[in-house]
Amino acid sequence: MFQIEPLPATEFAHLSSLSDTELAQKGIQVHISDGAFPCRVSLADAAPGTRVYLLNFEHQPGETPYRSQHAIFVADGAKENHPAPDTIPEVVAKRLLSARAFNRAHEMIDAEVVEGRELEGVIRTFFDNPQVDYIHLHFARRGCYAARVSRTAWT
């Protein structure tokens, strides 16, 4: 089994209390969603008209050559969405993805580019390898971090 994990809402809740000037000073852009801004907290596209923040986020903090940060969108006031195990949210399923498998030392040991509708097979193949500890998903076209996939107990 696997679990796709959102980013924690608490990490971004303070953004709504910052002025546009304060956000800009932190390198955070504000956009208004047209319905195609994938929020990393809600794991859904932000509804049209929703204020969204575009910011840099360190998604791979491990002290390896794979340490990484990239742009992400977070909808204003986003609530965490925790999909059921073995479920791929539509925001992920409808996009071209780069799936990257990492071991416990945060070293990339496998990778694949896949259409989101075919992701489940890639996840299962990666997790068939006992060295794979977790998977990072990126939206392939722009390279932005999408979500983390963790192993859950196999049934």
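The model is predicted, so local features need pLDDT of at least 70 and side-chain atom pairs count only at pLDDT 80 or more, while totals for chains, interfaces and linings use all residues. Residues are numbered from 1 along each chain as its sequence is written, and side-chain values use heavy atoms, leaving out hydrogens and water.

An α-helix has 3.6 residues a turn, so residues three or four places apart point the same way.

Next comes the largest pocket, with about 300 Å³ of space. A pocket here is an open set of points on a 1 Å grid over the protein atoms alone, where a 1.4 Å probe fits, with protein on both sides within 12 Å along at least five of seven lines; lining residues have an atom within 4 Å of a point. Grid points are joined across faces, edges and corners, and the volume is the space filled by probe spheres set on the points. Of its 16 lining residues, Ala-36, Pro-38, Phe-73, Arg-142 and Cys-144 are the closest to the centre. Strand β6 (residues 68-75) gives the largest share of the lining, 3 residues.

Now for the aromatic rings, which form 5 pairs in the structure (rings of Phe, Tyr and Trp, the last by its six-membered ring, pair if their centres lie within 6.5 Å; planes under 30 degrees apart count as stacked, over 60 as edge-to-face and the rest as tilted). Tyr-66 and Phe-102 make an edge-to-face pair, 6.3 Å centre to centre with 80 degrees between the planes. This pair links distant parts of the chain, 36 residues apart: Tyr-66 is in the loop between β5 (51-60) and β6, and Phe-102 is in strand β7. Phe-102 also pairs with Tyr-134, and this pair is stacked because the ring centres are 5.3 Å apart and the planes are at 10 degrees. Both Phe-102 and Tyr-134 are buried, whereas Tyr-66 counts as partly exposed at 36% relative accessibility. Elsewhere, Phe-12, Phe-57 and Tyr-145 form one aromatic cluster.

Among the residues that Tyr-66 touches, not counting those up to four places away in sequence, is His-106 (contact means heavy atoms within 4.5 Å). His-106 sits in the loop between β7 and β8, and its phi is near 65 degrees, a positive value in a residue other than glycine. Most residues other than glycine have a negative phi. Leu-43, also not a glycine, has a positive phi of about 50 degrees. Leu-43 belongs to the loop between β3 (38-39) and β4 (44-45) and counts as buried at 4% relative accessibility, while His-106 is partly exposed at 30%.

Terms used:
Helices (H or I, at least four residues) and strands (E, at least two) are DSSP runs, numbered from the N terminus. Buried means under 20% relative accessible area, exposed over 50%, partly exposed in between (1.4 Å probe, protein chains only).
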